[in-house]
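Here are a few exercises to work through with the model open beside you. Try each task before you read its solution.

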Amino acid sequence: MYVLGIESSCDETAAAIVNEKKEIISQSLWTQIEDHKVFGGVVPEIAARAHLEHIDEIINHTLQKANLQPEDIDAFAASSGPGLIGGVVIGVMAAKALCLALNKPFIAVNHLEGHALAPRLTGDVKYPYLLLLVSGGHCQILIVKGVGDFERLGTTIDDAAGEAFDKVSKMLNLGYPGGPMIEKMAEIGDEDRFVLPHPLANSGDCNLSFSGLKTAVRKIIESYSPDGDIKNSILDKKDTADICASFQKAVADSLIHKLEKAIKIFKQKYPEGKDIVVSGGVAANTYLRKKMAALAENEGLIFSAPPIRFCTDNGVMIAWAGMERFQKGLFNELDFKPRPRWPLDENAPKAAGAGGVKA
Ligand code: KG4
Ligand code: ZN
């Protein structure tokens, strides 16, 4: 059984084929990072044009590498939101066209579900599990009970964790995407030099906030400028590294603190649950992974994270979420409308409102 998945919701055009035995048959990925770098972030119009330019080639290449013909594929899945709508439409249209021409089922995958289920492909993670989903656009703590069956325990009330990494990186002129740059600088920095706030630390719930943290970093950078303008700040490499390390620690500590609360809820509601998982672009952060692994050990849970290349956007996670849906017969009509906003916990299997899901 083969599912081909397409990802085009942000700045990666990607496709992959997986089978039901969790084997990745082939994958291709075209990253647009170079196109957006000069602007310090993703430019939606540039992204949409680049997806259009590369999508056919990426799909063909994926099929060729697998030595498969389009008709050998059992279903086509596309990342159908949330994301930049210009890109999402291109991936969805490509998948629908293949389904129409070949008379195969179409599967609309929520991009976040792709991130959420990826650890099940790359590891032996069983439902229900506790998930920290941290990407450039989202930051949520969820209990994953099954395909399309999510219970959200907490979310960011402002910026996503990856967004905060990207914004701080921009302030420090480290480039885009910010996460890997900050992580690299942080390796040589002193994480205790700058004391940064932990917003919502005492809120009593599992919600998160990163906007105040970003502002606190801005103030530190401003304090190194003769006129208070961060463009004129004079920071040497050590100052920059220390800011990066202190910021990374503050983000990780905030996440760990809320995960401790979430673990209590998870254990109480689902005593049979054994796994704690991190996924999404920020899950590529080794410092966060280590802290989560230590937390899991203390709590008697098993920690899993996808290999780093499957944390940031890729076609494999969409193909795998497509495969899990395929196995449950969760297909979508060809009139499914791509959704720029699509909350994960709304995507229950029986909820036909998510676009005509055939159960
Ligand atoms: O999941 P993703 O590829 O795209 C979205 O769906 O948003 O996540 C991209 C985000 C960016 O904000 C990027 O800075 C962040 O993931 N990221 C990292 C690391 N690698 C990527 N953040 C922290 N540390 C990293 N090593
Ligand atoms: Zn993503």
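**Exercise 1: the largest pocket**

Helix 5 gives the largest share of the lining of the largest pocket, six residues. Before going on, note that this is a predicted model, where local features need pLDDT of at least 70, side-chain atom pairs count only at pLDDT 80 or more, and totals for chains, interfaces and linings use all residues. Residues are numbered from 1 along each chain as its sequence is written, chains are lettered from A and ligands numbered from 1 in the order in which they are written, and side-chain values use heavy atoms, with hydrogens and water left out.

Task: describe the lining of the largest pocket and find which elements give two or more residues to it.

Solution. 
- Start with the term: on a 1 Å grid over the protein atoms alone, a pocket is an open set of points with protein on both sides within 12 Å along at least five of seven lines, a cavity is a set where a 1.4 Å probe fits but cannot get out, and lining residues have an atom within 4 Å of a point.
- The volume is about 1,400 Å³; a volume is the space filled by probe spheres set on the points, which are joined across faces, edges and corners.
- The lining has 46 residues, and Cys10, Ser135, Gly136, Gly137 and Asp166 lie nearest the pocket's centre.
- Strand 3 (24–31), helix 4, helix 5 and helix 6 are the elements that give two or more residues to this lining. Helices (H or I, at least four residues) and strands (E, at least two) are DSSP runs, numbered from the N terminus.
- Sorted by class, the lining has 17 nonpolar, 18 polar and eleven charged residues. Here Ala, Val, Leu, Ile, Met, Phe, Trp, Tyr, Cys and Pro count as nonpolar, Asp, Glu, Lys and Arg as charged, and the others, Gly among them, as polar.

**Exercise 2: ligand 1**

Task: where does ligand 1 sit, and which residues come nearest?

Solution. 
- Ligand 1 sits in the largest pocket (more than half of its atoms lie within 2 Å of the pocket's grid points).
- There are 19 residues around ligand 1, with Gly136, Asp166, Gly179, Glu183 and Asp313 nearest; a residue counts if one of its heavy atoms lies within 4 Å.
- Helix 4 (111–122), helix 5 (161–171) and helix 6 (178–186) each supply at least two residues of this shell. Helix 6 has the largest share, four residues.
- By class, the shell divides into five nonpolar, eleven polar and three charged residues.
- Now check the backbone: an N or O atom of Gly136 lies 2.8 Å from a ligand 1 oxygen, one of Gly281 lies 3.1 Å from a ligand 1 oxygen, and one of Gly137 lies 3.4 Å from a ligand 1 oxygen.

Key:
Polar contact = N/O pair within 3.5 Å; in protein donor to acceptor, adjacent residues only side chain to side chain.
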